[in-house]
Amino acid sequence: MSTHKLWGGRFQAQAETWVDEFGASISFDQLMADEDIEGSLAHVKMLKETKILNGSDSDQIIAGLENIQRELHAGKLHFTVENEDIHMNIESILTDEIGPVAGKLHTGRSRNDQVATDFHLYVKNRLPKIIDEIQTIQKTLVNLAEDNVETIMPGYTHLQHAQPISYGHYLMAYYSMLKRDVERFQFNMKHADISPLGAAALAGTTFPIDREFTAKELGFNDIYQNSLDAVSDRDFALEFLSNASILMMHLSRLCEEISMWVSYEFNYLELSDKYTTGSSIMPQKKNPDMAELIRGKSGRVFGHLIGLLSTMKSLPLAYNKDLQEDKEGTFDTVKTLLPALKVFNGMISTIKVNKDKMRHATENDFSNATELADYLATKGIPFREAHGIVGQLVLKGLQNHQNLQDISLDEYQKISPLIDKDVYEVLKPEVAVERRNSLGGTGFASVKKQIQIAKEELSETSKIDN
Ligand code: ARG
C-alpha cells in the first residue's frame with residue numbers, strides 16, 4: 001500500500017496533518033505560481049523538441065498548463081497542504097485536468113532544479129521594478145538639489161556643527177549612494193539570470209535534455225555549468241538581501257535626519273500632511289511616521305539577510321530541505337522594499353525646506369572656524385599654528401558670547417597684522433560654501449556639476465529602459 005502523495009510509492013504510513021503542515025511550503029511559495037508554470041511550460045516544450053515526449057503528450061500538457069495559467073490569473077486555483085508545495089500542487093491540478101499523461105511532465109526534472117528555477121525567476125522578475133523605483137527617488141533628489149544649491153545649512157560630524165554646506169550637496173550625497181544601490185541590483189541581475197533547470201535532483205539526467213533550449217525559453221542569460229551548484233546555492237538571493245539591506249540602511253539614514261529635522265528644535269524641514277500622522281491624545285502633534293517606519297523596516301530586511309545566511313551556513317551539498325527557508329524572507333523583502341521606496345519618494349518630493357531656518361543655524365555656531373584658519377594659512381601662517389590661534393579665539397568667543405565675525409579688526413590685527421577687513425567676507429557661511437569647489441566639494445559650482453553629471457546618468461538609464 002502506498003500513500004496518496006505524489007512521491008508516496010515507498011511509503012506505508014501517512015504523516016499526521018500537523019506534520020504535513022510543518023513541512024509544507026504552499027502557504028508562501030504559491031507566490032511563485034506564475035514562475036512555476038512558466039518553468040514547466042519551458043520544460044515540456046523542451047521535452048517535445050528533443051522528442052523525449054511525443055507531440056501528442058506534450059501538446060496535452062502544454063494546453064493543460066496554459067489553462068492552469070489562465071485559472072491562476074483569474075484567481076480560480078485552489079491549493080492544498082496535502083500537495084505540500086507549489087510544484088506538486090500545480091502537477092496535481094494538471095493531473096485532475098488532463099489525467100495521467102500529466103505524470104510525464106516531470107521527466108528529466110526534479111523539484112530541486114524546479115524550485116531553484118522558480119526562485120531565480122522570482123528574483124530576476126522583480127529586480128527591474130526595484131531599480132526603477134530607486135531611479136525615481138534619484139530623480140526627485142536631483143530636482144530637490146537643484147532648488148537648493150545655494151541653501152546653506154550646517155554640515156555635521158559627530159552630530160556637531162562642523163562646516164556650513166549646501167543642502168543641495170547633502171541631497172546629492174544620497175543620490176550617489178542610491179546610484180551604487182542601482183549598480184548593485186544590476187549586478188545582482190547577472191547572478192539571478194542563470195538557469196538551474198536541467199540540473200535535476202543534483203547530478204543531471206540520462207535523458208537527452210536541452211538546457212540551452214529551456215534557458216532561452218525562460219529568458220535566462222546563462223546556464224549553471226555544475227548541477228550540484230545549480231540546486232544547492234542561493235547566493236543570488238543572498239546578494240539580493242544584502243543589496244536590499246544596504247539600500248534600506250541608506251534610506252534609514254535619510255529618514256533619521258528627516259525625523260530630527262522636522263522636530264521643533266531643528267525645524268529645517270516640514271513634511272506634507274499626506275506623509276505624517278497625528279496623535280490620538282496630543283492635538284498639536286504631526287509625526288513623521290512614514291520616515292520612522294521606513295527606518296524601522298530596515299531592521300526586518302537586515303534580519304532576512306542574516307536569516308538566510310544562517311540557514312545556509314555549513315549546509316552540505318546539494319539540496320536540503322533547509323533551503324525551503326530561503327523564500328519567505330526574500331518575498332517579505334520585496335514586499336517591504338517596493339512600498340517603502342514609493343512612500344519615500346512621495347515623502348521627499350513633497351517636503352518643504354525652511355531655508356532661512358537652515359541658514360540661521362549656521363550663524364552663531366563657529367562653523368566658520370576652519371575658514372578663519374584657512375584664511376590665516378593663506379596669509380602665510382603655518383596651518384597648525386593658525387589652527388591653534390583660531391582655537392583660542394573660539395574659546396574666548398564662547399566665554400564672551402562673541403562669534404568670530406563679531407571680533408573687531410583691531411583685535412584680529414593684534415593676532416596678526418596680516419589680517420585685513422576681507423576676513424569678514426571669508427567668515428560668511430555662503431562664502432565659505434561657495435568657495436569649496438575642490439572636486440566633490442560643497443561649493444555651488446561643484447554641486448551644480450554633480451547635478452549636471454547626475455542628469456546625464458539618469459537620461460542614460462532612461463534611454464536604456466526605453
Ligand atoms: N518546497 C521545496 C522547497 O521550497 C521544494 C523542493 C523540494 N525538494 C525536495 N527534495 N524535497 O525547497
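Trainee: How far from a nitrogen atom of the ligand does a polar side-chain atom of Asp-85 lie?
Mentor: Welcome! Keep in mind that this is a predicted model. Asp-85 belongs to the residues around the ligand. The cut-off for a polar contact is 3.5 Å between N or O atoms. From the ligand nitrogen to the polar side-chain atom of Asp-85, the distance is 3.0 Å.

Trainee: Which residue has a side-chain N or O atom 2.4 Å from an oxygen atom of the ligand?
Mentor: Look through the residues around the ligand, which include Tyr-319, Gln-324 and Lys-327. The side chain of Gln-324 places an N or O atom 2.8 Å from a ligand nitrogen. The 2.4 Å distance to a ligand oxygen belongs to Tyr-319.

Trainee: What share of the area that the ligand exposes when taken alone does the protein bury?
Mentor: Good one to ask next! Taken alone, the ligand exposes 350 Å². Of that area, the protein buries 86%.

Trainee: Which helix gives the most residues to the shell around the ligand?
Mentor: By class, the shell holds two nonpolar, four polar and three charged residues. Domain 1 (20-107) and domain 2 (112-208 + 221-352) each supply at least three residues. Among helices and other elements, the top contributor gives three residues and spans 111-147: helix H6.

Trainee: What radius of gyration does the chain have?
Mentor: Let's start with the whole chain, which has 19 helices and six strands. Its C-alpha atoms fill a box of roughly 105 × 50 × 40 Å along the principal axes. A compact globule of 466 residues would come out near 23 Å, whereas the chain has 31 Å.

Technical notes
Residues are numbered from 1 along each chain as its sequence is written. This is a predicted model: local features need pLDDT of at least 70, side-chain atom pairs count only at pLDDT 80 or more; totals for chains, interfaces and linings use all residues. Side-chain values use heavy atoms; hydrogens and water are left out. A residue is near a molecule or strand if one of its heavy atoms lies within 4 Å of it. A polar contact is a pair of N or O atoms within 3.5 Å; within protein, one must be able to donate a hydrogen and the other to accept it, and residues adjacent in sequence count only if both atoms are side-chain atoms. Accessible areas come from the Shrake-Rupley method with a 1.4 Å probe; for residues, only the protein chains shown count as cover. Helices (H or I, at least four residues) and strands (E, at least two) are DSSP runs, numbered from the N terminus. Ala, Val, Leu, Ile, Met, Phe, Trp, Tyr, Cys and Pro count as nonpolar, Asp, Glu, Lys and Arg as charged, and the others, Gly among them, as polar. Domain bounds come from an automatic or database domain assignment. The radius of gyration is taken over C-alpha atoms; the globule rule is 2.2 Å times the number of residues to the power 0.38.
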